[in-house]
Every structure is written in structure tokens, then in C-alpha cells.
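Student: Can we go through this one together? I have some quick questions.

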Amino acid sequence: MEKLKDEIVKMRYMILVKKGLIENKYENRSNMSKIVEEYENQFIPGTVLLSDKAGYKLRIEYPME
């Protein structure tokens with residue numbers, strides 16, 4: 001089960017980098033987990049997909065310049 005959790009954290013981290021929400025840095029596992037936890041409410045639970053609601057929230061509350 002721990003292996004699955006590690007894979008989800010890595011996938012979510014890569015998605016956050018791809019979407020431009022975080023910079024692409026090489027992090028160790030504990031830092032990666034902390035970063036992904038900060039964005040936990042923006043993912044559909046149990047998946048690595050960003051929710052539409054999260055996208056809406058980011059566009060409204062944190063608009064791009």
C-alpha cells in the first residue's frame with residue numbers, strides 16, 4: 001500500500017509541475033509529499049486528476065498575470 005501511495009505522490013507532483021503550479025525541482029520523497037499535501041484539496045480524491053472546481057478556484061482566486 002505504501003508503494004501505491006508513493007506512486008500517487010510522484011504522479012501528482014509531476015502534474016503540478018506540468019500545470020505550472022510549482023517549479024520543477026528535484027525533491028526528496030518527504031519534501032515531495034509535503035508539497036503534494038498542500039495541493040491535496042485540488043485533486044479528485046483517490047486519483048491524480050485535478051478537479052474542475054480546483055481549476056475554477058485557481059483561475060478566480062489566483063489569476064495569471
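Student: Is Glu40 buried, partly exposed or exposed?

Tutor: Glu40 is partly exposed, at 38% relative accessibility. Buried means under 20% relative accessible area, exposed over 50%, and partly exposed in between, with a 1.4 Å probe and protein chains only. This is a predicted model, where local features need pLDDT of at least 70, side-chain atom pairs count only at pLDDT 80 or more, and totals for chains, interfaces and linings use all residues. Residues are numbered from 1 along each chain as its sequence is written, and side-chain values use heavy atoms, with hydrogens and water left out.

Student: Which residue forms a salt bridge with Glu40?

Tutor: Arg12 does, and the closest N and O atoms are 3.1 Å apart. A salt bridge here is a side-chain nitrogen of Lys or Arg within 4 Å of a carboxyl oxygen of Asp or Glu.

Student: What does that pair tie together?

Tutor: Arg12 lies in helix α1 and Glu40 in the loop between α2 and α3 (52-61), so the pair ties together parts that are 28 residues apart in sequence. Helices are DSSP runs (H or I, at least four residues), numbered from the N terminus.

Student: And Arg12, buried or exposed?

Tutor: Buried, with a relative accessible area of 4%.

Student: How many salt bridges does the structure hold?

Tutor: Two. Lys10 forms one with Glu7, again with the closest N and O atoms 3.1 Å apart. Lys10 and Glu7 are three residues apart in helix α1, so about one helical turn separates them. Lys10 is partly exposed at 27%, and Glu7 is partly exposed at 31%.

Student: Which residues line the second largest pocket?

Tutor: Among them are Lys5, Ile8, Arg12, Ser33 and Glu40. Lining residues have an atom within 4 Å of a point. Helix α1 gives the largest share, four residues.

Student: What about the largest nonpolar core, how many residues?

Tutor: It has 11 residues, including Val9, Leu16, Ile22, Tyr39 and Phe43. Such a core is a set of buried Ala, Val, Leu, Ile, Met, Phe, Trp, Tyr and Cys residues joined through side-chain atoms within 4.5 Å. Five residues, the largest share, come from α1.

Technical notes
1 Å grid on protein atoms, 1.4 Å probe; cavity = no way out; pocket = protein on both sides within 12 Å on 5 of 7 lines; lining within 4 Å. Helix = DSSP H or I, 4+ residues; strand = E, 2+ residues; numbered from the N terminus.
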